[in-house]
Structure formats: structure tokens, C-alpha cells
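The sequence and the structure are shown first.

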Amino acid sequence: MNTVRPKKALGQHFLKDERIAERIAATLDDCPELPVVEVGPGMGVLTKWLLAKGHDMTVAEVDTESVAWLKANMNGLDASRILEHDFLKLDLNSLFGGKDLAVTGNYPYNISSQIFFHILEYKDIVKVCSGMLQKEVAERLAAPAGTKARGILSVLLQAWYDVEYLFTVDETVFHPMPKVKSGVIKMRRNNVESLGCDESLFKTVVKTTFSQRRKTLRNSIKPLLKPGQTLGDEWSALLSKRPEQLSVTEFIELTTALSPKNS
């Protein structure tokens, strides 16, 4: 087997530019001590650069054909570390005995947001995450407060990670060529151990307000208010904003105000 056929159903666009692969691998140069999970390695263009840098690696690939190719051709990576597994269903605690780790990959466009929601579930052990995804999504993850690109994942990720947009990748370096540009990001776990509020309610507040992002918060939070619950005049300025204007800290403050304990 000399090559793997890209499968549209899996969102496969294989990177063919070695220079880009090397640059993505270099995003983990500052954490050589962390074992690495690569998502969707395909034919290993990124994998071989990570191995060359000495990373302790496991790869998760759902495509049977790609798994067979990697086992036959990826020198330096034990076959037992090539998992034919859906990353979205993978227990990251089971890979390295619950140790801290890094995640990277050329993420499939069609499930990239789901991948980052899954990473959030393991925020206590995923200390660094980098990789390439659709440019629009990459920009959204890194979008600061006050920008139109900001969304649900922007806030949820930035509550726990410092997120940086690194560089843009042209469509022409893939096979088959996608219709959009790609972007490479890096996330590093911050020092936050607790948000200081009900974290489940925090997620609900973020998701509820962004689901009605054209409305001001005064209107979008109405479904979250308990009967008879109101927020005082001191909240007027914040409630006149739309969700993309709020910082993580302001979302935490709003969550605390909406908590039943404060009603």
C-alpha cells in the first residue's frame, strides 16, 4: 500500500507540504517532557516530524486504511501506539496512565469543534494543544472579547487556556485541496484551577447567550432567571452588551449573579 485514498465522509485533506508539517510539530518544542496524542494522523506527515523530535507518541485514527498504512510504514512508532479509535470517544486518562499530555493534529474540518469540546473534558491533564483546523474556526477559538468571531468555544476554552492563533495555511498544500484556508493555533493551560462559580451553570450561560447572539444579554438571559429573580441596576451596563463583548471574567460574574444561591 503506497498511499491512502482521502475520504470525503471523514473530512480528510492530507497535508503534503513538509515545511508546514515541521512548523506544526515545532509548536510543541517547548514541552518535550509531555507525551503527545496526535488526532487523525492520516499518512503521518506530521507524525514523523513529531517522532524526529523525540516525543513519546500515541496516535488516534478512525480510518482503517490509514491505520494499516501507518503500521506498515511509520518507522519509530510501535504498532500498539497506533489506535484505530474515534478520538471523540477516547478516554485520554487511559493513554499515559493519567499523566499530563499534549494534543496535536491536522484536525478534520467536520468535527473540529467537537474535538475541542472533548479536550475540555480533560482540561486537567491536557496541558498543551496545538494543530491545524479551518481558518474560521481557528480564529474563533482565539477571538478576544469584543470581536465578531467570538463564540461559545472562544469563552469556554479561554476560561482554562491561553489561546494563540499562530499562522495561516493556504489551500494548495493539501490533497484534495479544500475550499477554505486553514489556521494553526496553540493553547496552553493557564493557572486557573476553579472558576469560582457553578461551572455547569457557566457553560449554560455561555451557550444560552450565544444561541441568541443578536440579542442583548438583558433579553437572552431571561430563560435562565428563576420566577421573581431580577438583576439590580448595577448590572445595567453589562446587560446592555451582547455575548461576544464579554470577557471570561464578566461571564463568571454574570453566572454568579444568576446562581440560585443569589436569587
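A disulfide is taken here as a pair of cysteine sulfur atoms within 2.5 Å. In this predicted model, a search of the whole structure by that criterion finds 0 disulfides. For Cys31, the closest cysteine sulfur belongs to Cys129 and is 11 Å away, which is too far for a bond. Cys31 is buried, because its relative accessibility is 1% and the cut-off for burial is under 20%. Cys197 likewise counts as buried, at 15% relative accessibility.

**Strand 6 and its partners**

Strand 5 (residues 101-105) pairs with strand 6 in the parallel sense, over 3 bridges. Within this pairing, Leu101 has Val126 of strand 6 as its bridge partner. Met132 stands opposite Val184 of strand 9.

Where is His55 found? The residue belongs to the loop between helix 2 (47-52) and strand 3 (57-61). His55 has a relative accessible area of 6% and is therefore buried. Leaving out residues up to four places away in sequence, His55 touches Leu28, Cys31, Pro32, Leu34, Val36 and Leu50. One of these contacts is thus the buried Cys31. Glu33 lies 22 residues from His55 along the chain, and the C-alpha atoms of the two are separated by 7.8 Å.

Gln158 is part of helix 6 (residues 152-158). With a relative accessible area of 19%, Gln158 is buried, since the limit is under 20%. Apart from neighbours within four places in sequence, Gln158 is in contact with Leu141, Ala142, Ala143, Arg150, Leu153, Val163, Asn190 and Val248.

**Helix 10**

Val248, listed among the contacts of Gln158, is also one of the buried residues of helix 10. This helix spans residues 248-258 and is mostly covered, with 8 of its 11 residues buried. The buried set consists of Val248, Glu250, Phe251, Ile252, Leu254, Thr255, Ala257 and Leu258. An α-helix has 3.6 residues a turn, so residues three or four places apart point the same way. The buried residues of helix 10 pack against helix 6, helix 7 (199-210), helix 8 (217-220) and helix 9 (236-239).

**Aromatic rings and charges**

The structure holds 2 aromatic pairs. In one of them, Tyr107 and Phe116 have ring centres 5.4 Å apart and planes at 75°, so the pair is edge-to-face; an angle over 60 degrees places it in that class. Both Tyr107 and Phe116 are buried.

Two charged side chains are placed over aromatic rings, as listed below.

| Charged residue | Ring | Distance from ring centre |
|---|---|---|
| Arg23 | Phe167 | 3.7 Å |
| Lys123 | Trp160 | 4.7 Å |

Arg23 lies over the face of Phe167, while the charged end of Lys123 sits over the ring of Trp160.

Note on methods:
Residues are numbered from 1 along each chain as its sequence is written. This is a predicted model: local features need pLDDT of at least 70, side-chain atom pairs count only at pLDDT 80 or more; totals for chains, interfaces and linings use all residues. Side-chain values use heavy atoms; hydrogens and water are left out. Two strands pair if DSSP finds at least two bridges between them. Helices (H or I, at least four residues) and strands (E, at least two) are DSSP runs, numbered from the N terminus. Buried means under 20% relative accessible area, exposed over 50%, partly exposed in between (1.4 Å probe, protein chains only). Contact means heavy atoms within 4.5 Å. Rings of Phe, Tyr and Trp (its six-membered ring) pair if their centres lie within 6.5 Å; planes under 30 degrees apart count as stacked, over 60 as edge-to-face and the rest as tilted. A charge sits over a ring if NZ of Lys or CZ of Arg is within 6 Å of the ring centre and within 35 degrees of the ring normal.
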